Amino acid sequence: MHKTLICACEDVTAHDIDEAVERGLGDVESVKRYTGLGTGPCQGKSCVVGLKRHLAKCGGPKMEQPFTARPPIVPTEFAVLAGMAAPGKDGEPDSVARHSRPQSRPSTCIEPATTPWMAGSIPGSSPGTAMTKGDEHLPHRVDILIIGGGIMGLALAYGLTRRGVRDVLVLERGYLCEGASGRNGGGVRMQWTTAPFIELCKESIGFMRHFAQELGINVWLRQGGYLFTARTAAEARAAEQRAEFQRRHGVRTEILTPTEARSIVPDLDDSQLVAAAYHPEDGVVFPWPFLWGYADGARRGGARVETFTGVEQIEIERGEVRGVVTNHGRVAATTVVIAAGAWSVEVARLAGVTLPNVPMRHEILVTEPLKPFLDPLVSELSSGLYFSQSMRGEIVGGMGDPAEPPGLNQTSSARFAARFAEGVTRLIPRLGGVKVIRQWAGCYDVTPDHSPILGETPGVRGLVQMSGFVGHGFMMAPAVAERMADWLAGGPIDEVLQRYALSRFAEGRLEHEEMIIG
Amino acid sequence: MTEALASNAGACRLFTPRRSGHEHPDELASRRVTDLQTINFEGKSIPFLAGDTISAALLRAGVRIFSRSPKYHRPRGPFCFAGSCAQCYVRIDGKPSLPACMTLCHESIRVERQNAIGSAGHDLLGIIDVATPHGLDHHHLMTWNRLANTTASAVARRLAGLGTLPDAAMEVAAGETRHAEVVIVGAGEAGRKAARDMAARGIDPLIIDSNDGAIAIGLYAPNPLQPNPFQTNPLPPCGGGSGRGDRTLLVRRHNHLESISFENLILATGTTSQPLAFEDNDRPGIYAARGLVDLARRHDLRLGEHAVLIGEGAEGPRQAAALREVGYAVEEVALSDNLRAIGSPVHALQIGERKVDCDLIAIAARPAPAYELAAQVDAEVALVDNESVCGFAVVVDDEGRTSIPWLSAVGSVCTKR
C-alpha cells in the first residue's frame, strides 16, 4: 500500500509521526521513542533531517536540535569491539583505583547550595527540545506533588487517581523516559535474596501481565526466564543457597548443569560455567510504554503530568513542606514525593535533607535486530554482565564496572563497549559477528544496603521518599506504587514502607540485598 | 558551491571503505575482458568485475530488490551507495545485515537476501503491507484482552528481526592504540586542505579516510567541564577508551580497532545524501543521485536510460547535470505533495494527474552535514537550511573551532557561528 517513509530502517511513516504529534508528544526525543524513528541500523543518518522537515510541515514541535547522537557511528561487530586495545580493559585499570560500592555518602562532597537540575546539565543527557511553555501552565496548589516522571512517580500518580485522589501533579525535568526508567534493559525477575523484593516483584510482574488491558498500551512482557551463570564452585554453592531461599518464598528457581543451561541458551559456551540458576517466570519488558501508559492513565484520572519542568526549591516552614518552586513558577503542596531516581539526593538537598544514596553510571548497548533465538535474560553476577533479546530482536545488554566512579554521568565509553563485547562473546562466541548499533548510559541510584528508601522523612513533615532502587526499581514499581498510593490516600502504612524508611540508617537496621547486577 | 561538492566527496570516502580511488575508464574496460569471476547469490552464480561492490554486481545482474523491510515487509533496494542508509543490507558469507554497497566482491562470496518468507522478490509477508494501508500501530495492537495480547506478542516476536545469527564465531582481532598530535577525519577537499595547512605549520596530521580502509566509528570523551560532587578522589570519569578518561577516536581498519588518542581533531566529514518524503519513496529503483553518479563513474554501471530526478535547492540542477554527464537522459521534477512512485522496482513517477515513465528515480535532496561524531562529544550543532544543505551542522567560529576546545571542523560539515 502507499506509504511515505520517514525512517526506512524501522518502517516509520509520515502518518506515524502525525499520530505521535497528535498524541501530544511535544519534543523530538519523545517522538523518536514513540515511533521508533532513528533507532535502527542507520541511527538517524537518513531520517533526522526527514523528521525535522516533516515536523515543520505538519506543525509539530519545532526541531532545533537533533536527537542524541550515540556511538558507534556505524554498526560494529562484537568481535571487533572485543579486540579494542584499551589499557585496563581487563580487570583493573592501572591508574584507576578500584571503587567499592559506596557504603555511605562521601564525606568530602561539595555542597552546592541549590542545584538547578535542569535537563541537559548532566554529561550525556540530552536536553530534548520542548515546545516553549509559559509560566501559567502550572496549578497554584495541589494535594500531592511528585518530583520525577519516571516509572515510580507515574505509577504512584496513577495509583492515587484510582483511589480517588485526583489533585496530583507530577513534575518531570526533561521528557518522559529521560532518566533510568527510559534507559534500562527491561529485565524483570523474582530471583532475590530478600523476601520483600521477591514479593514486590512477583506482584509487579503479575500486574505487567495485564498492563495492556488496564492501561491500553503494549509493554511486550515476555517471560523467557532469567538465567544466572555461576563460574566457580563457590558461586554455584551461593546460587544453590539463594535458590533454596527463593523456593521457600514460592519462586521455583532451578539449579541447572552447564549442559542444561546450554539447552536453554543456544550456543552458550558451557565451559564458562559450573552451574546456573534459572527461573522461567522472569522475563523482559519494553520499558518506555510503561511510562506513557501510566502517564495517560494518571491524566485520565485527573492528575497532571508536566514535562520539562524542573524543581529549583522545596519550601519548608517549621518542619513542614509548603510547596516547590519550579522553572515555571511556584506550586503549593503539603505532600511532596521525591521519586527522582539518581537525582533524588540533589532534590532532597533542596529540602535540607541528606540522603545516603549515590548515583552510579551504568552503561548499556543494543545490537542489530535478529530473528528470535534467545529466550532468557542471561546474567553473570560475578562480572555484572547481562543481556537478553528484545521483542524487536535486538540483543540488549549492559555490564557493571568496578572502576566506575560515583557521579551523575550519562555519557558512553569505549571501555564499556569493549568489556561488554568481550564478555558476551566469551559466553556465546557465535555472537561475535553481531553488530552493536547504539550504546548509552543511565544512572543507578545506589543505597548503602541496596534497598530502597520509602515513606516519611524524619524531621520534615509531608516530604515522602521513593528512591534508592539500585537499578531494579522498574521491575518493582507497580507494587511499590500501590503500597505508597494506599498510604498517601489515607490508608494504613504498609510494612514494606516502614521496613525501608529513611530512619533505618540512623537506627542501624540495614536491609542488605545481594543480587544486584553490575 | 564547489566546496560543498568537494566535501561531498569527503563524506563518500568517510563511509565508503574498501574501494579503490577513481579509476581511469581504460582500466574499467580492461578488467571487463580479463575478469570472469562469480559470486554466489542465493545459489546462483552472478559474475562480477574486479572492484565491484556487491551492490554493483547484483544491480548489473538485474537484481533490484535486496531485502524486505522490518515491519511491513516492503521490498527494498539500495539507496545511498555510501553506507549511510541501511537499505541494501544482505547476508554475506553467513553474517547478517551487512551493507552490499560497502563490501567488495570476491570469488564465491555468498550473498543472501533477508527477512522474507519465500524470496525477497515474492515475500508472503508482503501481505502485512497490503493489509495495513494506514500503518500498524503496535503500541495499541490487540490490547483488549489477555489472550489477544499474548497472541499479538507471540506473533510480533516471530516476525521481529532482520537477519539470523551468524553461522559461526568471528575471530577477535587484537586492536592497537595510537597517538597523534592532530587527527583529521575525512580526506575530501576540505580535509586535504586542512592537512596542507597543518603541514605548513610543521605538523604531520593523521588522516582517517575510508579510501585507506579506515572508518571512524566513534568519538569518546569525558565531559571536562562538569564538576562531580559525588567524586571523592581525584579520578577523571571513565569516559574514554583507555579507562583514564582520555578522549579517544575509535577507527576501524578491516576487523581491528585503533584507539587513537590525540591533542586536536579536525572534522572534515562533509555531508550525506538524504531521501525525500513522497508516497512510496522507499521503493527499489529510487536512488540517491550522488550514488548513481558514483556507480557510473566507479563501476561503469548505469541502471537504465531514463531517470526522473526529484531535486531541490542547488542540489537538483547540480546532480541532474552530473547524471547527464555520465549518460542518463534526465527529466527534472520539483519536490511537491503530489508525487508517488509507481512499480516495484519503480517504472514511473506519478505527478498529480501526470505519469512519467522512467527506468529509475534519482533523488537530489539537499545533503545533510555528517555532524554525528561532533555531537557524540556534545559539540554545539545548529540547524542549517539553505540552498545547498539541510540538516544539523557543527557550529564553528572564524577559525573553525567548535564549542569543544580540542575539536575543529572544516568544509560542509560545519556552519559559522
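Modeller: The count between chain A and chain B is 8 salt bridges, a salt bridge being a side-chain nitrogen of Lys or Arg within 4 Å of a carboxyl oxygen of Asp or Glu. One of them joins the side chains of A:Lys52 and B:Asp385, at 3.0 Å from N to O. Helix H3 (residues 48-58) of chain A gives the largest share of the side of chain A that touches chain B, namely 5 residues; helices here are DSSP runs (H or I, at least four residues), numbered from the N terminus. By class, that side of chain A has 54 nonpolar, 27 polar and 27 charged residues, where Ala, Val, Leu, Ile, Met, Phe, Trp, Tyr, Cys and Pro count as nonpolar, Asp, Glu, Lys and Arg as charged, and the others, Gly among them, as polar.

This is a predicted model, in which local features need pLDDT of at least 70 and side-chain atom pairs pLDDT 80 or more, while totals for chains, interfaces and linings use all residues. Residues are numbered from 1 along each chain as its sequence is written, chains are lettered from A in the order in which they are written, and side-chain values use heavy atoms, without hydrogens and water.

Contact, meaning heavy atoms within 4.5 Å, takes 108 residues from chain A and 116 residues from chain B. The area buried between the two chains is about 9,200 Å², with 58% given by carbon and sulfur atoms; buried area is the accessible area (1.4 Å probe) lost on putting two parts together, summed over both. In chain A, the residues that lose the most area to chain B are A:Lys3, A:Ile73 and A:Lys371, together 8% of what that side buries.

Definitions and conventions. Helix = DSSP H or I, 4+ residues; strand = E, 2+ residues; numbered from the N terminus.
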